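Here is a friendly walk through one model, written for someone who likes to know the cut-offs behind each term. Have the viewer open as you read.

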Amino acid sequence: MALPDGSGKRTINTAGWEETHSITVQTFNSLGTGGPAASASAKSGRQGEWTTTMNPGAVVRSCSFTLGGANYDPKKFTCDGQSNNTPPWMASADQGAIVVRCYIDQSDNWTGMHRWWRIESGSYRNVGRYIIAGHTHLGDPAGIGAPPC
């Protein structure tokens, strides 16, 4: 069976979490002789929430952002006008729990595009704001199958 776009790629919407799906393919030449079959499987992402902390190996502190915000001022080194470890800053030294369920991609209006975790209820501060994923121990949401917000 040829794929509709001829790219060799196929996306399957499982409509579920942690479901494994497999595919086996085989090519045939113009004489109808089949080549070896190849198989692959993939598992859909995990539902739920993850708890992480700031990664001191990545940053000392990080400005948490609002959706679409330009919250960090690189000239004054402030986050919404605040300095030091005052919210909306997230400090690595605090090691407070950060609960996340989904992510967005947006610019920090300084160094460019980043993937951001949304800070959820149960976090030690800044609930409803966003933190650069790479500044946490959890890292990139794609690696754990977290959904976009």
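## Overall fold

Along the sequence, the chain reads β-β-β-β-β-β-β-β-β-β. That makes 10 strands and zero helices, where helices (H or I, at least four residues) and strands (E, at least two) are DSSP runs, numbered from the N terminus. A note on sources: this is a predicted model, in which local features need pLDDT of at least 70 and side-chain atom pairs count only at pLDDT 80 or more, while totals for chains, interfaces and linings use all residues. Residues are numbered from 1 along each chain as its sequence is written, and side-chain values use heavy atoms, with hydrogens and water left out.

Of the 149 residues in the chain, 32% are buried; buried means under 20% relative accessible area, exposed over 50%, and partly exposed in between (1.4 Å probe, protein chains only). The chain exposes about 9000 Å², with carbon and sulfur atoms supplying 53% of it. Those areas come from the Shrake-Rupley method with a 1.4 Å probe, and for residues only the protein chains shown count as cover. Among contacts (heavy atoms within 4.5 Å) between residues at least 6 apart in sequence, 56% join residues at least 24 apart.

## Strand β8 and its partners

Strand β8 (residues 98-107) is largely enclosed by the rest of the structure, because seven of its 10 residues are buried. Two strands pair if DSSP finds at least two bridges between them. Strand β3 (residues 50-52) runs antiparallel to β8, joined by three bridges, and T51 stands opposite V99 in β8.

β8 is also antiparallel to β9, this time through six bridges, with Q106 opposite H114 in β9. The two strands β8 and β9 form a hairpin with five residues between them.

## The second largest pocket

Rolling a probe the size of a water molecule over the atoms shows where empty space is left. Here, a pocket is worked out on a 1 Å grid over the protein atoms alone, as an open set of points where a 1.4 Å probe fits, with protein on both sides within 12 Å along at least five of seven lines; lining residues have an atom within 4 Å of a point. The second largest pocket holds about 190 Å³ of space. Its lining has 15 residues, and C63, Y72, D108, W110 and H135 are the closest to its centre. For the volume, grid points are joined across faces, edges and corners, and the space filled by probe spheres set on the points is taken.

β4 (61-63) and β9 (113-119) each supply at least two lining residues, and β4 gives the most, with three. The lining divides into nine nonpolar, four polar and two charged residues. In this count Ala, Val, Leu, Ile, Met, Phe, Trp, Tyr, Cys and Pro are nonpolar, Asp, Glu, Lys and Arg are charged, and the others, Gly among them, are polar.

## Backbone details worth a look

Most residues other than glycine have a negative phi, and most peptide bonds are trans. N109, in the loop between β8 and β9, has a positive phi of about 60 degrees although it is not a glycine; N109 is partly exposed, with a relative accessible area of 46%. F77 has a positive phi of about 55 degrees and lies in the loop between β5 (72-73) and β6.

P87 and P88 are joined by a cis peptide bond, with omega about 20 degrees. P88 is found in the loop between β6 (78-79) and β7 (89-91). In strand β6 itself sits T78, which is buried at a relative accessible area of 12%. Leaving aside neighbours within four places in sequence, T78 is in contact with N71, Y72, D73, S83 and W89.
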